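Keep the viewer open as you read.

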Amino acid sequence: MPSVMLRNNAAGDLVFYITKKDQEETVVALEHSGPNAWGGEIELADGSRFYLEPFAQTPKLPMTVRVKRL
Amino acid sequence: MSQDVNAIEQGFPLFNKPEYQDTFARKRVFEEAHSPEKIEQVFQWTTTEEYKELNFKRQMLGVNPNKVCQPVGAVLCALGFHKTLPYVHGSQGCVAYFRTYFNRHFREPIATVSDSMTEDAAVFGGQKNIFEGLENAKKMYEPEMMAISTTCMAEVIGDDLNSFVNNAKKEGRVPVDFPTPFANTPSFVGSHTTGWDNMLEGILRYFTLNHMEGKTPGSNGKLNLVLGFDGYLGNLRVIKRMLKEMDVEYTFLSDPEEVLDTPADGEFRMYAGGTTQDEIKDAPNAIDTLLLQPWHLIKTKKFVQETWNQPAASIQIPMGLAWTDEFLMKVSELTGKPIPASLEKERGRLIDMMADSHQWLHGKKYSVFGDPDSVTGMCQVLMELGAEPLHVLCQNGSKKWLKDITKLLKSSPYGQEAEVYTGKDLWHLRSLVFSKKPDFLIGNSYGKFIQRDTLHKGKEHEVPLVRIGFPLFDRHHLHRDTTLGYEGMMYILKTLVNAVMERMDQDTMVMGDTDYAFDLVR
Amino acid sequence: MTMNRQETEQLIQEVLEVYPDATGKQRAKHLMANDPTLEKSNKCLVTNKKALPGVMTARGCAYAGSKGVVWGPIKDMVNISHGPVGCGQLSRGGRRNYVTGYSGINVFAEMNFTSDFQEKDVVFGGDKKLATIIDEINTLFPLVKGISIQSECPVGLIGDDIEAVAKQKAKEIGKTIVPARCEGFRGVSQSLGHHVANDTLRDWVLSNRDGQEPTIESTPYDVVLTGDYNVGGDAWASRVLMESIGLRVIGQWSGDGTLSELELIPSLKPKLNLLHCYRSMNYISRHMEEKYGIPWLEYNFFGPTQIAKSLRAIAARFDETIQANVERVIAENQAEMDAIIAKFRPRLEGKRVMLFVGGLRPRHVIGAYEDLGMEIIGTGYEFAHNDDYDRTFKELQDGALIYDDATSFELEAFAERLKPDLIGSGIKEKFVFHKMGIPFRQLHSWDYSGPYHGYDGFAIFARDMDMAINNPCWKKMTPPWKQKAVGADLAEAA
């Protein structure tokens with residue numbers, strides 16, 4: 001269950017930052033992107049996939065969350 | 001922005017322009033800075049007797065120390081051997097610092113490797129690091145010897161250096177006969193001078209301990225010399241020159257004269273000069289081994305006496321007139337070679353200089369700080385000049401040293417006022433010079449902050465720093481000079497007397513005020 | 001001799017041949033030819049891995065990153081080098097982090113405070129000693145604002161509880177005390193020390209005044225300068241530039257920085273956090289954005305091209321007043337910059353440069369060199385991560401050599417082959433290349449010059465690069481009696 005920070009970069013892309021690994025990756029696919037659910041399966045530019053327990057609403061970013069590696 | 005293309009200004013004096021001074025003022029609001037009055041009040045308090053007492057009550061805190069750790073000395077010692085790569089077993093950051101320290105003083109490249117121990121090595125020990133480290137360094141840098149020392153990390157986890165190195169050889173990482181002398185150099189014991197001594201002893205032991213058969217003191221007719229931890233290239237050169245003039249053959253055990261002074265001619269030499277392995281192996285056959293800085297060459301002395309059966313004749317550091325005389329007489333006594341006329345003439349020239357300059361140095365008061373041997377030598381030089389040591393501070397001096405130098409100072413009319421301190425640092429010294437002002441401070445570059453602080457109290461309190469010591473970071477090329485022998489005393493005398501003149505000029509160049517004494521002839 | 005990608009790859013292979021096989025394989029992953037079209041480095045470059053034993057890495061340690069880089073420049077706190085005497089002494093004053101103030105009275109950055117561990121401290125632990133030291137500091141230096149404890153290797157190995165001491169003593173003396181676990185064996189380089197230091201800022205400093213009434217009123221034009229260590233006064237040069245466009249700099253982290261400037265940030269809630277050294281301070285920037293909603297922006301004040309670009313990017317985050325100011329400031333400085341370039345560019349045009357530095361300079365200074373008509377043929381970082389290289393590729397020309405955590409051996413070999421006109425690196429490298437006859441500037445300490453940031457800084461940068469390359473000494477390496485006469489050369493060729 002790595003701890004990651006989700007934020008939007010200057011270009012407006014959703015970015016996934018794995019704190020422990022000090023690694024930043026762009027999110028290329030997000031299962032639920034609101035307004036009633038936000039999260040689920042996440043795919044990163046390097047091909048790796050994670051699962052985020054969906055939020056009921058679109059959250060305010062940046063935000064640190066726990067995700068599951070898929 | 002305000003640069004003139006034909007007179008581009010860097011930090012100073014650029015930052016004294018109004019636009020920068022104004023921004024500093026605006027910044028102070030966010031600094032929640034103390035008021036100037038409060039700061040000044042506390043500054044003045046730090047110059048009082050009350051503060052000095054509090055300062056000397058310190059039990060645990062070190063402020064601006066004047067010593068470094070053991071492996072620093074071990075690396076300098078190892079650099080003095082032919083085609084030898086100093087190898088430090090432990091954390092890599094230490095080695096980055098050691099190299100930097102010597103880079104800045106000697107203005108030379110310093111080749112030293114570490115085996116980059118990290119967290120896993122802290123848990124499992126550093127054997128794997130030794131295996132890979134020796135193999136990589138040997139292949140890449142092609143040394144003929146690696147002299148191994150340790151950082152505190154390796155010491156705290158208790159790595160068994162000897163068996164690790166032997167295992168590396170068994171594994172074929174480096175050939176079995178590849179020389180790998182070593183020394184344990186924990187940073188929490190002693191100082192840089194201890195580390196120098198430990199490394200040399202380790203190297204001598206490695207090459208001679210089990211090879212003493214057929215070795216006889218005196219059989220090669222040479223003298224061995226050991227300089228110890230020292231920042232002056234000139235000191236190696238002057239001793240060599242004097243011995244040549246005496247027609248005495250010698251071996252310096254650790255001789256970094258060449259590797260710390262390679263030419264700029266288009267080629268980088270990682271290795272240059274240095275004591276060869278054959279010379280080390282032959283060293284037990286010398287008439288004797290003279291330890292030029294005996295206060296810190298303790299293990300070396302023991303080894304020379306007990307294993308090589310040489311007397312390690314008792315001498316003082318050959319600094320100043322009398323101790324250079326004694327050194328030459330000892331060399332003459334040991335080798336049977338007379339002291340030549342050339343050295344007598346050099347001595348005469350030194351006396352001539354002393355006579356010429358004595359009026360400016362006699363009675364001047366000096367605070368001196370540094371390592372035990374060089375501080376002892378400096379006190380001797382000062383007293384020979386009729387100058388007076390006022391404070392003598394040696395953080396890494398032993399109790400025995402304290403007793404000995406106190407005796408030396410008491411034996412001269414010029415040493416009567418001197419106060420000696422061991423285990424104290426440069427923040428203590430700051431209090432001492434505020435309390436009792438010397439004319440000058442003698443020591444390494446760190447002394448410059450004391451000069452600045454005393455100046456802030458007022459020009460009349462300023463204690464100018466004369467830079468003689470190690471390290472010297474803020475002046476160029478002083479490491480080429482010489483403090484040993486007659487020549488060394490000439491250099492010190494010249495430096496001291498001209499510091500007096502420089503100061504006289506500063507004080508007397510105020511027009512219409514002090515300029516009556518701004519003399520052309522001095 | 002500018003090389004294409006293939007030639008660069010070939011050079012890399014040749015240099016790697018000297019290594020033992022396993023080591024060569026490892027090192028190969030840290031070397032590449034630049035491809036400016038790449039977005040991501042993680043497929044072509046391995047970074048932030050342990051330096052291999054015995055290779056002569058230029059890297060330092062976590063202590064160097066925490067005490068040396070991040071904490072060291074904070075001027076009104078005392079940083080205790082906690083452990084044996086060496087680390088504090090060897091790192092004292094080497095980085096030229098400029099500060100103003102009264103040393104030993106209200107600023108302490110230039111001094112060395114050490115617990116000078118002895119054998120008994122290693123055996124019995126150093127916590128009691130540390131507690132006494134904190135009291136002694138508070139007595140002898142009453143204006144100290146706070147204290148940080150910078151752990152050296154033994155502290156972590158003997159199991160001391162510096163956090164407990166910090167909490168206890170902070171309560172007793174009523175000042176901020178920060179324990180940093182930056183033992184040198186942790187991590188693989190300075191980089192972990194930056195991270196550790198950032199975490200201590202987050203956990204022990206930044207939120208100290210949460211819930212308190214702000215003491216200073218905020219404005220819509222407040223910014224904070226983060227990750228500028230004021231080497232040779234860089235942060236000051238950046239500060240006046242920020243002020244010249246109408247922004248108010250409320251804090252500097254950590255060059256010439258103070259504890260208050262850190263603690264005030266949440267209450268002043270600046271509009272923008274300007275991040276200079278991404279590598280060493282991105283962690284706290286991310287945290288400030290998440291917790292306090294302060295966005296961050298990376299910028300580059302090296303050379304007029306990058307300055308203008310950055311100023312406009314900054315202005316875009318503010319209103320039209322600031323945007324107009326930026327255009328005015330760029331225009332006002334144009335003449336001065338033109339004069340600098342007119343003077344120095346003809347002397348430097350086409351000169352080829354190799355770089356090997358730390359946090360951000362291997363990419364950030366490229367533009368400044370290019371403003372002078374110079375070309376970067378190789379660059380690399382001591383302790384970067386992949387995100388640094390992601391930011392580097394597009395700044396660097398195609399085919400240029402990239403070396404991560406280069407060994408001393410590699411740098412010499414590359415320099416011998418590439419024959420650059422200038423190398424910009426550190427003090428450990430400087431004298432090697434002097435001997436080889438290659439002009440050199442230290443790009444950590446600015447070789448005792450600086451500032452290099454901002455418009456003022458670029459003038460100094462240009463002057464310094466000119467003096468490095470065009471000083472007469474480099475042409476005198478070979479004695480005249482060993483120089484072949486030009487005529488003889490021609491005769492030989494014929």
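A residue counts as buried when its relative accessible area is under 20%, as exposed when over 50%, and as partly exposed in between (1.4 Å probe, protein chains only). Helices (H or I, at least four residues) and strands (E, at least two) are DSSP runs, numbered from the N terminus.

## About the model

This is a predicted model, in which local features need pLDDT of at least 70 and side-chain atom pairs count only at pLDDT 80 or more, while totals for chains, interfaces and linings use all residues. Residues are numbered from 1 along each chain as its sequence is written, chains are lettered from A and ligands numbered from 1 in the order in which they are written, and side-chain values use heavy atoms, with hydrogens and water left out.

## A covered strand in chain C

Start with strand β8 of chain C, residues 272–275, which is covered on both faces. C:Leu272 and C:Leu274 are buried on one side, and C:Asn273 and C:Leu275 are buried on the other. In a regular strand, side chains alternate between the two faces of the sheet.

Which strands pair with β8(C)? Two strands count as paired if DSSP finds at least two bridges between them. Strand β6 of chain C (residues 222–228) runs parallel to β8(C), joined by 4 bridges, and strand β9 of chain C (residues 296–298) is also parallel to β8(C), with 3 bridges.

## Where chain B meets chain C

Contact here means heavy atoms within 4.5 Å. By that rule, 104 residues of chain B and 120 residues of chain C take part. The two chains bury about 9300 Å² between them, 63% of it on carbon and sulfur atoms; buried area is the accessible area (1.4 Å probe) that two parts lose on being put together, summed over both.

A salt bridge is a side-chain nitrogen of Lys or Arg within 4 Å of a carboxyl oxygen of Asp or Glu. There are 10 salt bridges between chain B and chain C. One of them links C:Glu261 to B:Lys27, with the closest N and O atoms 2.8 Å apart. Helix α6 of chain B (residues 92–106) gives the most to the side of chain B that touches chain C, with 10 residues. That side has 49 nonpolar, 30 polar and 25 charged residues, where Ala, Val, Leu, Ile, Met, Phe, Trp, Tyr, Cys and Pro count as nonpolar, Asp, Glu, Lys and Arg as charged, and the others, Gly among them, as polar.

## Where chain A meets chain C

Here 13 residues of chain A are in contact with 17 residues of chain C. The buried area is about 1200 Å², and carbon and sulfur atoms give 39% of it. A:Arg7, A:Asp22 and A:Glu24 supply 41% of what chain A buries against chain C, more than any other three residues.

The rule finds 5 salt bridges across this interface. In one of them, C:Arg286 meets A:Glu24 at 3.0 Å, N to O.

## A sheet in chain B

Chain B also holds an open sheet of 3 strands in the order β3-β2-β4, with parallel pairing. The edge strands are β3 (113–114) and β4 (145–150), each pairing on one side only. Strand β2 (residues 84–89) of chain B pairs with β4(B) over 6 bridges, and B:Tyr87 stands opposite B:Ile148.
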